Structures are given as structure tokens and as C-alpha cells.
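Dear colleague,

Please find below the sequence and structure I promised to pass on, followed by my notes on what turned up in it.

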Amino acid sequence: MYSLILDSATKILYVALINDGNVLYEKYIEGSNDHAKNIVFRVDEALNTAGIKAKDLDEIICGVGPGSYTGVRMAVTVCKMLSIFMKKSLYTISTLQLISSSNKGVCLSMIDARRGNAFGCIIDNDKNEYIIDEALYSKEYLEAEAAKYTNVSVSTEARYKVDPLYVLRNKVLVKEPHLLVPNYLRETEAERNLHDKKN
């Protein structure tokens, strides 16, 4: 079974192609607000490396955010297009889960949200259970909560390694791919400005 994993919610574009538990292609491409120019090329590169076409994929797993408002839309859009036009099963995984996936035990997973804030959670990867649910928090709060546990690992958008098999085990089926939207966890700047004007 060929599984494509794609995440663009952080500064790193992650692309992996797995076949029956074997990693055929895996790349971390650091970008600077330019995932759009790399994402289709890297997906094509993954397929070419495996010697297959998009129609040969069995499933597509999309990192659905939270993260950069522009970035997270890239992977979601590409994955939706592949799923709908190729009639392939579409799954999602939280980007916070994805970036913490190679860690054992309790992990603090954070993506910078500016002004001292972060999209974050604390997750026990051995049990696949959230200790603190995903939300927008102050970094100070997340770090204080993590300090309550011993041997806590930390994953951030700038420093992480994905365990593709963890992703495969914890993917969530999207029943209606055309309805999938990214998990932003907060309003966009335009939405905030609109609300400010109304108030």
C-alpha cells in the first residue's frame, strides 16, 4: 500500500512516501514562505523515486495544522486535489502530532505563533493521549506545564523528526474530502481586523 504524507504548516515542508511500512522517500525542505514553489515538485519527485504515478497511491495523509495560515493551506489543497481527482482515501493528522511523532513518552509540541505565543499541546506518545489539548497558549504556560513531568521531550517547528509509521497508525479518515479545511486554531489577521472594525 502506497501512502503519501504531506505537511506544510511550518517553516519545513515535509514529504514522505511509504509502501507497506517501508520509507521510499522522505524529505524535510526548509522554506521561507515559499512552500508553494516546492510542494508539487517534491510530490512528483517522491513518485518518481518510487517509480509510480499518482494513480498508484492508495492513501494520502495531510498534516492539517495548526501553523502558518498560508503554509497550512498548501498541503491541504494539494492533498484534497489528489484525493478528489484520483479518487484516493484522504486522511489527516495534526501537525503538532506529526512533529512530535518520533519522541517517546511525554512530549511538549509547539509551533511559534508570535508575540510569546505558540500553538501547542502536551502529548503522551506512548499512550497517544493528550495531557494538554491543542490550542493557542503562551509559551510560558506550556513550558511551565511541561516542567511538571520528568524526561519531557520538546518538538518545535525548527527541530523535529517524523516517525512515518506513527503517522500511519494515528491518521484520521476524512469522509468528505471536499469539505476539509485546515485547523488554524485562531482567526486570520483579516478576520480579526474585520471583528475590530465591527466592535
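**Core, cysteines and surface**

Leaving aside residues up to four places away in sequence, V15 touches L4, I5, L6, Y25, E26, K27, R42 and A46. Please bear in mind that this is a predicted model.

V15 also belongs to the largest nonpolar core, which has 25 residues, and it is listed with L4, L6, L17 and L57 as having the most contacts inside that core. The elements that give two or more residues to this core are strand 1 (2-7), strand 2 (12-19), strand 3 (22-30), helix 1 (35-50), strand 4 (59-63) and helix 2, and of these helix 2 gives the most, with five residues. Apart from this core lies another one, of 22 residues, including I5, Y14, I93 and A113. As background, nonpolar side chains in soluble globular proteins tend to be buried together.

On the cysteines, a search of the whole structure finds zero disulfides.

On the surface, M81, I84, F85 and M86 form a nonpolar patch, with about 410 Å² of accessible area together. M86 is found in helix 2, which covers residues 69-86, and M86 is partly exposed, with a relative accessible area of 35%.

With best wishes

Note on methods:
Residues numbered from 1 in each chain as written. Predicted model: local features only at pLDDT ≥ 70, side-chain atom pairs only at ≥ 80, totals over all residues. Heavy atoms only, no water. Patch = residues over 30% accessible without salt bridge, like charges linked within 9 Å, V, L, I, M, F, W, Y side chains within 5 Å. Areas by Shrake-Rupley, 256 points an atom, 1.4 Å probe, with all protein chains shown as cover. Salt bridge = Lys/Arg side-chain N within 4 Å of Asp/Glu carboxyl O. Helix = DSSP H or I, 4+ residues; strand = E, 2+ residues; numbered from the N terminus. Buried < 20%, exposed > 50% of the residue type's maximum accessible area, 1.4 Å probe, protein only. Core = buried A, V, L, I, M, F, W, Y, C linked by side-chain atoms within 4.5 Å. Contact = heavy atoms within 4.5 Å. Disulfide = S-S within 2.5 Å.
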